[in-house]
Amino acid sequence: MSDIKAVVRVEHPDIVLTGAVTHDRSSKVRSVSEAGTDPTSGKFFYRIESSDFLRFEDGLRNDNTVGEFERVIETRDREAIYSFEYTDEAKILSPVISAASGVILDMENDGSAWILTVWMPDRTDLAHLWDYARRNDIEIDLLRVNEYASLGNTDAGLTDSQREALLVAFERGYFEEPRDATLGEVAADLDISQPAASGLLRRGIKRLIVSSMMDDSEKPD
């Protein structure tokens with residue numbers, strides 16, 4: 001059996017944050033994989049680029065998928081990290097992927113649509129995502145898929161420490177939404193500090209994306 005990395009495009013007005021990015025066409029939204037979800041608060045974190053955060057926040061107030069939100073920190077000019085709480089009306093794809101033992105490696109908007117990079121243990125597991133999309137009238141297209149050996153049997157350019165950290169985090173449910181384990185619990189299992197665990201996971205995820213989703217001509221030196 002080979003695991004896969006797939007890139008899919010989905011679109012529906014009730015996918016989380018769609019109303020906000022439709023209101024602010026300058027906005028670019030990307031998931032913050034190293035921050036994820038606080039399992040006790042139900043908060044989700046995203047990196048937002050916008051030419052006008054006030055316009056983006058006006059969109060959030062009228063977005064039926066968003067409850068509470070907070071601009072946590074401005075990381076640089078025209079970029080900030082926000083936390084969000086979803087409403088019951090929001091269509092959330094991550095639980096579907098998690099239920100199929102998959103992981104969302106990256107998520108960003110393409111206008112009012114969304115591009116997801118996902119890891120699945122087997123190509124047939126993508127059927128769960130397509131079934132959910134069909135039941136909820138979500139437009140979905142497969143942009144690219146690559147098959148690889150299992151993460152446990154290939155290095156994908158990972159160091160031993162990165163591979164161990166990713167596997168421990170995956171087995172503990174760190175990548176699920178909401179998370180079943182905190183970064184602190186993953187770090188404790190690895191017997192390292194939280195910043196060290198965050199760094200291993202962040203670099204490991206980056207290495208997986210580079211090795212599996214980019215052509216040789218696109219890979220950084």
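Colleague: Which residues of helix α6 are buried?

Modeller: This is a predicted model, and in it the buried residues of α6, which spans residues 183-190, are Leu183, Val186, Ala187 and Leu190.

Colleague: What puts them on the same side of α6?

Modeller: They cover an arc of only 100° around the axis, and that places them on the same side of the helix. The general rule is that an α-helix has 3.6 residues a turn, so residues three or four places apart point the same way. Just after α6, Asp191 takes a positive phi of about 60°.

Colleague: How many residues lie between the strands in the hairpin of β5 and β6?

Modeller: There are 2 residues between the strands, and Arg78 takes a positive phi near 65° in that hairpin. Strand β6 itself, residues 79-86, is mostly covered, with 7 of its 8 residues buried.

Colleague: Why is Ser83 called buried?

Modeller: Its relative accessible area is 4%, and the cut-off is under 20%, so Ser83 is buried. Ser83 lies in strand β6. Leaving aside residues up to four places away in sequence, Ser83 touches Lys43, Phe44, Phe45, Glu68, Phe69, Glu70 and Val72.

Colleague: How many aromatic pairs are there?

Modeller: With ring centres required to lie within 6.5 Å, the count comes to 7 aromatic pairs.

Colleague: Why is the pair of Phe56 and Tyr82 called edge-to-face?

Modeller: Their ring centres are 5.5 Å apart and their planes stand at 70°. Planes over 60 degrees apart count as edge-to-face, so the pair of Phe56 and Tyr82 is edge-to-face. This pair links distant parts of the chain, with Phe56 in helix α2 (residues 53-61) and Tyr82 in strand β6, 26 residues apart.

Colleague: Why is the pair of Tyr82 and Phe84 called stacked?

Modeller: The centres of these rings are 5.9 Å apart and the planes are at 10°. Planes under 30 degrees apart count as stacked, so Tyr82 and Phe84 are a stacked pair. Ring pairs link Tyr46, Phe53, Phe56, Tyr82 and Phe84 into a cluster.

Colleague: Are Phe56, Tyr82 and Phe84 buried or exposed?

Modeller: Phe56 has 0% relative accessibility, Tyr82 has 0%, and Phe84 has 0%. The cut-off is under 20%, so Phe56, Tyr82 and Phe84 count as buried.

Colleague: What makes Ile104 partly exposed?

Modeller: Ile104 has a relative accessible area of 21%. Partly exposed is the range between buried, under 20%, and exposed, over 50%, so Ile104 is partly exposed. Ile104 lies in strand β7 (residues 103-110).

Colleague: Which residues does Ile104 touch, not counting those up to four places away in sequence?

Modeller: Ile104 touches Ser94, Ile97, Thr117 and Val118. From Ile104 to Trp119 is 15 residues in sequence and 6.4 Å in space, C-alpha to C-alpha.

Colleague: What are the totals for the protein?

Modeller: The protein has 7 helices and 9 strands. Its accessible surface comes to about 11,100 Å², and 44% of that belongs to carbon and sulfur atoms. Among contacts with a separation of 6 or more, 65% are between residues 24 or more positions apart.

Notes
Residues numbered from 1 in each chain as written. Predicted model: local features only at pLDDT ≥ 70, side-chain atom pairs only at ≥ 80, totals over all residues. Heavy atoms only, no water. Buried < 20%, exposed > 50% of the residue type's maximum accessible area, 1.4 Å probe, protein only. Helix = DSSP H or I, 4+ residues; strand = E, 2+ residues; numbered from the N terminus. Arc of directions from axis to C-beta. Contact = heavy atoms within 4.5 Å. Areas by Shrake-Rupley, 256 points an atom, 1.4 Å probe, with all protein chains shown as cover. Pairing = 2+ DSSP bridges. Phe/Tyr/Trp six-rings, centres within 6.5 Å; stacked < 30°, edge-to-face > 60°.
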